[in-house]
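Biologist: I'm new to reading protein models. Could you walk me through this one, feature by feature?

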Amino acid sequence: MKKVVFLGAFVGLSLLGAADPATLIKKCAGCHGPSMDRKAFGKGHVVNTLDSAQIKEDLMGYKAGSLNRYGSGVVMHSQAKNLSDAEIEALAKYIPTLKK
């Protein structure tokens, strides 16, 4: 019984931690910069200038494989496909706060 409770608590905490946008954003920083203030591959938008709704819509499109803005669909799909809807929501709210 103790193992089940421990495992449940561990999984629950893992899921809570998974949606931490400050951790998730590290995967994006290589192309978009640590403050999301760069155009990836010199194309497109500076992500931190977009509003939360646009970021969420774009990430959902990349996750679904239905968006190929600036020819980055394959790269972005490979990144977004593993994000949960909660993580996308957290990122969409967090990224605009990185504006300098």
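Modeller: Take E89: its relative accessible area is 27%, so E89 is partly exposed. One caution: this is a predicted model, where local features need pLDDT of at least 70, side-chain atom pairs count only at pLDDT 80 or more, and totals for chains, interfaces and linings use all residues. Residues are numbered from 1 along each chain as its sequence is written, and side-chain values use heavy atoms, with hydrogens and water left out.

Biologist: Okay. How many helices and strands does the protein chain have?

Modeller: Helices (H or I, at least four residues) and strands (E, at least two) are DSSP runs, numbered from the N terminus. Here you get six helices and zero strands, so the pattern along the sequence reads α-α-α-α-α-α.

Biologist: What percentage of the protein chain's residues count as buried?

Modeller: Of its 100 residues, 32% do. As for surface, areas come from the Shrake-Rupley method with a 1.4 Å probe, and for residues only the protein chains shown count as cover. The protein chain exposes about 6,500 Å², with carbon and sulfur atoms supplying 64% of that.

Biologist: Now the inside. Which residues have the most contacts within the largest nonpolar core?

Modeller: General idea first: in soluble globular proteins, nonpolar side chains tend to be buried together. A nonpolar core is a set of buried Ala, Val, Leu, Ile, Met, Phe, Trp, Tyr and Cys residues joined through side-chain atoms within 4.5 Å. The largest one here has 17 residues, and I25, M36, I55, L59, L83, L91 and I95 have the most contacts inside it. Helices α4 (52-64), α5 (73-80) and α6 (85-94) each give two or more residues to this core.

Biologist: Can we zoom in? What does I55 touch, leaving out residues up to four places away in sequence?

Modeller: Contact means heavy atoms within 4.5 Å. With that exclusion, I55 touches V47, L50, A92, I95 and P96. Across the protein chain, 49% of the contacts with a separation of 6 or more are between residues 24 or more positions apart.

Biologist: And H32: is that residue buried or exposed?

Modeller: H32 is buried, at a relative accessible area of 14%. You'll find H32 in helix α3 (residues 29-32). Not counting residues up to four places away in sequence, H32 touches D37, R38, A40, V47 and M76.

Biologist: What about charges? How many salt bridges turn up in the whole structure?

Modeller: Side chains of opposite charge can pair when their charged atoms come close. We call it a salt bridge when a side-chain nitrogen of Lys or Arg is within 4 Å of a carboxyl oxygen of Asp or Glu. A search of the whole structure finds four. One of them joins the side chains of K56 and E89 (2.7 Å, N to O). K56 is in helix α4 and E89 in helix α6, so this pair ties together parts 33 residues apart in sequence.

Biologist: Where do D58 and R69 sit?

Modeller: Their side chains meet in a salt bridge too (2.8 Å, N to O). D58 is in helix α4 and R69 in the loop between α4 and α5, 11 residues apart. D58 counts as buried, at 8% relative accessibility, while R69 is partly exposed at 24%.

How values were computed
Buried means under 20% relative accessible area, exposed over 50%, partly exposed in between (1.4 Å probe, protein chains only).
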